[in-house]
Amino acid sequence: MVEFENDWPDIIAFLVSLLSFFVAIVSGNRVFGFVIVFLVGLIFGRMWFRFRSESRVSLVIVMLGALLGFLIALFFNNPHLVVILFLVGVAFGFWVHEKGFIKSVEF
Amino acid sequence: MFSLKKRMTWRNFLDKVKRYFWFSKSEIRAFIVSALVFAFVWSFNNGRIELEDLLVSLVLVVVVMFVHHAGQRLWGLKRGFRVEQRLWWYGLVASLILAFISYGRIKFLAASSTMIYMLYGHRLGAFRYGPNLKEFAAVCLAGPVANILFGTFFKQLANMGVFPVFIADPVFKLSLVFAAWNLLPIPPLDGSRILYSSRLFFAFLFGAISSYVLMIVFLNVYSYVFAFLFGVISWFVSYVFFEKGIS
């Protein structure tokens, strides 16, 4: 039995994987798909920065969900490039915030 | 003829503008990043982009964003607050993702958040002053209102034949789109601050501005009066169905 209180990272990861799969499929164009993978990486980079002083295990599960969705959608294009672009996006998003180039708000 | 008190207030306001109006370094950086992204999104059509469109869009976006931010800053200073605009990273990236998914059909142009800080030294003697939801909402509202007035002003000049249509039309369109997106009730956009302040006022505003935009898009009618009426209807419907009976 799935309980939201305990299993919320897995549930959100599942939803995010569906969303990322849908987004990559809808983009249609292969290049746009790769660009979107990078952009989603940027979002997770901001989240990685946001949770820098807390446990990131839940965030890693959600990120893996997103990556899985993209990998399934773009599997026959170039799965290695998907992983690389996603990680580069996360790293760049984190770096931009860590260095203080951008000061963005949460809410 | 101004009274002495009013002249002092005007001087005080000008002094505040000189001291606090301009953007900080981080705000300028955020402004530039947002302008570049929005210019890309605005000029991205049918999955293509052309350099000429991009440059024209960049100029338009810079002007419209500046009007939005300046409106908020001036109103904030008038009410005794220093206003700061910050970047909303998720909104910025979401605007790019939406543009790519929709091949440029969805132009989401909202990626800034507003914050107000009290100018203590300038409000001594005022009664019960300080930041509150109402003042915060008023400052946030000043941005979209400035955009709508600015766009309408140029549109009217073009209608009177004293300003070229090929400049006025894009300015008008972009101003409206920018104002409409920023009024969405998604934190930290301007609309969310207005919603927190007053749900009924937000209903009025949402009805008025959405009807104004829809009348232009579908009927080619420019009418503040009808927009106001639709706003009142929206307010009334919201009151009857959502607010009535809530204590």
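**Notebook: chains A and B**

I began with chain B and counted nine helices and two strands. The model is a predicted one, and I read every entry below with that in mind. From the N terminus, the elements of chain B run α-α-α-β-α-β-α-α-α-α-α. I then looked up the radius of gyration of chain B, which is 19 Å. The globule rule gives 18 Å for 247 residues, so chain B is as compact as a globular protein of that length.

Next came the extents. The C-alpha trace of chain B spans about 60 × 50 × 40 Å along its principal axes. I checked burial too: 40% of the 247 residues of chain B count as buried. I also looked at contacts in chain B between residues at least 6 apart in sequence. Of these, 68% join residues at least 24 apart.

**Domains of chain B**

I looked up the domain assignment. Chain B is divided into domain 1, residues 9-182, and domain 2, residues 198-247. The C-alpha centres of domain 1 and domain 2 of chain B lie 22 Å apart.

**Helices α7 and α8 of chain B**

I turned to a helix pair in chain B. Helix α7 covers residues 190-197 and helix α8 covers residues 199-219. How far apart are their axes, and at what angle do the two helices pack? The axes are 5 Å apart and the angle is about 135°. An angle over 145 degrees would have counted as roughly antiparallel. α7(B) and α8(B) are therefore oblique to each other.

I listed the residues that meet. From α7(B) they are Gly191(B), Ile194(B), Leu195(B) and Ser197(B). From α8(B) they are Arg199(B), Phe201(B), Phe202(B) and Leu205(B). By class, this contact of α7(B) with α8(B) has five nonpolar residues, two polar and one charged.

**Backbone details in chain B**

I went through the backbone of chain B next. Pro187(B) and Pro188(B) are joined by a cis peptide bond, with omega at about 5°. I placed Pro188(B) in the loop between α6 (165-182) and α7 of chain B.

Then I noted Tyr103(B). Its phi is near 60°, a positive value in a residue other than glycine. Tyr103(B) lies in the loop between α4 (89-101) and β2 (112-118) of chain B. I looked up its surroundings: Tyr103(B) has 16 C-beta neighbours inside 10 Å, so it counts as partly exposed.

Asn220(B) also went into the notebook. It is not a glycine, yet it has a positive phi of about 60°. I found Asn220(B) in the loop between α8 and α9 (224-243) of chain B. Is Asn220(B) buried or exposed? It has 7 C-beta neighbours inside 10 Å, and therefore counts as exposed.

**Chain A**

I moved on to chain A. It has four helices and zero strands. Along the sequence the pattern is α-α-α-α. The radius of gyration of chain A is 14 Å, close to the 13 Å that the globule rule gives for 107 residues.

The C-alpha trace of chain A spans about 45 × 40 × 25 Å along its principal axes. Of the 107 residues of chain A, 37% count as buried. For contacts in chain A between residues at least 6 apart in sequence, I noted that 78% join residues at least 24 apart.

**Helices α2 and α3 of chain A**

I took up one helix pair here as well. Helix α3 of chain A covers residues 57-73. The axes of α2(A) and α3(A) come within 11 Å and cross at roughly 180°. α2(A) and α3(A) are therefore roughly antiparallel to each other.

Which residues make the contact? α2(A) supplies Val37(A), Val40(A), Phe44(A), Met47(A) and Trp48(A). α3(A) supplies Leu59(A), Met63(A), Ala66(A) and Phe70(A). I sorted this contact of α2(A) with α3(A) by class: nine nonpolar residues, no polar and no charged.

**Where the chains meet**

My last entry is on the interface. I noted 17 residues of chain A in contact with 18 residues of chain B. On the side of chain A that touches chain B, α1 (4-27) and α2 (30-50) each supply at least two residues. Which helix gives the most to this side? α2(A) does, with seven residues. By class, I have this side of chain A down as 12 nonpolar, three polar and two charged residues.

Key. Residues numbered from 1 in each chain as written. Chains lettered and ligands numbered in written order. Predicted model: local features only at pLDDT ≥ 70, side-chain atom pairs only at ≥ 80, totals over all residues. Rg over C-alpha atoms; globule rule 2.2 N^0.38 Å. Buried ≥ 20, exposed ≤ 12 C-beta atoms within 10 Å, placed from the backbone. Contact = placed C-beta atoms within 7 Å. Nonpolar A, V, L, I, M, F, W, Y, C, P; charged D, E, K, R; others polar. Axes fitted to C-alpha atoms, helices over the stretch in contact; angles between N-to-C directions. Parallel < 35°, antiparallel > 145°, perpendicular 65-115°, else oblique. Domains from an automatic or database assignment.
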